[in-house]
Amino acid sequence: MDHEATWELEEAADCPSCGAPRVGGLDGCRALFDRLGEREFSDPEFFRAHRLTVDAYSLQHPEQFMKSSKSAAAHLAGMCWSMERGRSTHLPAPLKRWVDGRKNYARLTPPPPRARGTVTVIDVLDAEDAAEHERRVEAWARSAWSAWAGHWSQARAWVVEALEGSRAGV
Ligand SMILES: [Zn+2]
């Protein structure tokens, strides 16, 4: 196989982690995520969706972004909060205290799902404006969160633990 043919194959590769089609594999997918992040950091209107963007991408790329039990807990509990208790630009204070303060995190059981949602980073790129961007990120996040249904009860328990710890002043 000559060099050009190899290159074309790589260009056409789906992301092995989230399944985004023809993005150039894992590296290509990551480049799209970085592009999304740049747009969010360059405009406060777009930045409102940033935390949800990071959690959605992480849930679809757990081998990279949820390797430690701490990051797994942070992204799952963070996403749970966004989906069920409301959005916020930054991690809600009780959850931040819980993430920063905890020493022992339960291992993920079961392991991450193999199918991680039908909406991927490629569907979120190039929104016309911030409102459309937010809608797309929302659909993406819902898709990723649904794929993790087997971990919802764990995530909810973490959120409750964070709230209780916060009330107790821990
Ligand atoms: Zn991917």
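Eleven names make up the buried part of helix H6: Ala72, Ala73, Ala74, His75, Leu76, Ala77, Gly78, Met79, Cys80, Trp81 and Ser82. Do keep in mind, as you look around, that this is a predicted model. Among the elements covering those buried residues are H4, helix H5 (62–65), H7, H8 and H9.

**H6 as a helix**

- After H6 comes Gly86, which has a positive phi near 125 degrees.
- Leu76, one of the buried residues of H6, touches Trp148, His151 and Ala155 when residues up to four places away in sequence are not counted.

**The largest nonpolar core**

- As background, nonpolar side chains in soluble globular proteins tend to be buried together.
- Here the largest nonpolar core holds 37 residues, and the members touching the most others are Ala56, Leu76, Ala77, Val121, Ala141 and Ala144.
- At least two residues of this core come from each of helix H2 (25–42), helix H4 (50–60), helix H6 (69–84), helix H7 (93–101), helix H8 (130–147) and helix H9 (152–167).
- Which helix gives the most to this core? That is H6, with eight residues.

**How H7 meets H9**

- A packed pair of helices is described by the angle between the two axes and the distance between them.
- For H7 and H9, the packing angle is about 95 degrees and the axes are 8 Å apart.
- The range for roughly perpendicular is 65 to 115 degrees, so H7 is roughly perpendicular to H9.
- On the H7 side the contact involves Pro94, Leu95, Arg97 and Trp98, which meet Glu161, Ala162, Leu163, Gly165 and Ser166 of H9.
- Sorted by class, the contact of H7 with H9 has five nonpolar, two polar and two charged residues.

**Backbone spots worth a look**

- Most peptide bonds are trans, and most residues other than glycine have a negative phi.
- Thr109 and Pro110 are joined by a cis peptide bond, with omega about -10 degrees, and Pro110 sits in the loop between H7 and H8.
- Arg22 is not a glycine, yet its phi is positive at about 55 degrees.
- You will find Arg22 in the loop between helix H1 (3–11) and H2, where it counts as exposed because it has 12 C-beta neighbours inside 10 Å and the cut-off for exposed is 12 or fewer.
- Asp126, also a residue other than glycine, has a positive phi near 60 degrees.
- The loop between H7 and H8 holds Asp126, which is exposed, with 12 other C-beta atoms within 10 Å.

**Two residues in their places**

- Is Pro111 buried or exposed? Pro111 counts as exposed because 10 C-beta neighbours lie inside 10 Å.
- Pro111 belongs to the loop between H7 and H8; Pro111 and Ser68 are 43 residues apart in sequence, with 13 Å between their C-alpha atoms.
- Gly25 is part of helix H2 and counts as partly exposed because it has 18 C-beta neighbours inside 10 Å.
- Gly25 and Ala162 are 137 residues apart along the chain, and their C-alpha atoms are separated by 37 Å.

Key: Residues numbered from 1 in each chain as written. Predicted model: local features only at pLDDT ≥ 70, side-chain atom pairs only at ≥ 80, totals over all residues. Core = buried A, V, L, I, M, F, W, Y, C linked by C-beta atoms within 7 Å. Buried ≥ 20, exposed ≤ 12 C-beta atoms within 10 Å, placed from the backbone. Helix = DSSP H or I, 4+ residues; strand = E, 2+ residues; numbered from the N terminus. Contact = placed C-beta atoms within 7 Å. Axes fitted to C-alpha atoms, helices over the stretch in contact; angles between N-to-C directions. Parallel < 35°, antiparallel > 145°, perpendicular 65-115°, else oblique. Nonpolar A, V, L, I, M, F, W, Y, C, P; charged D, E, K, R; others polar.
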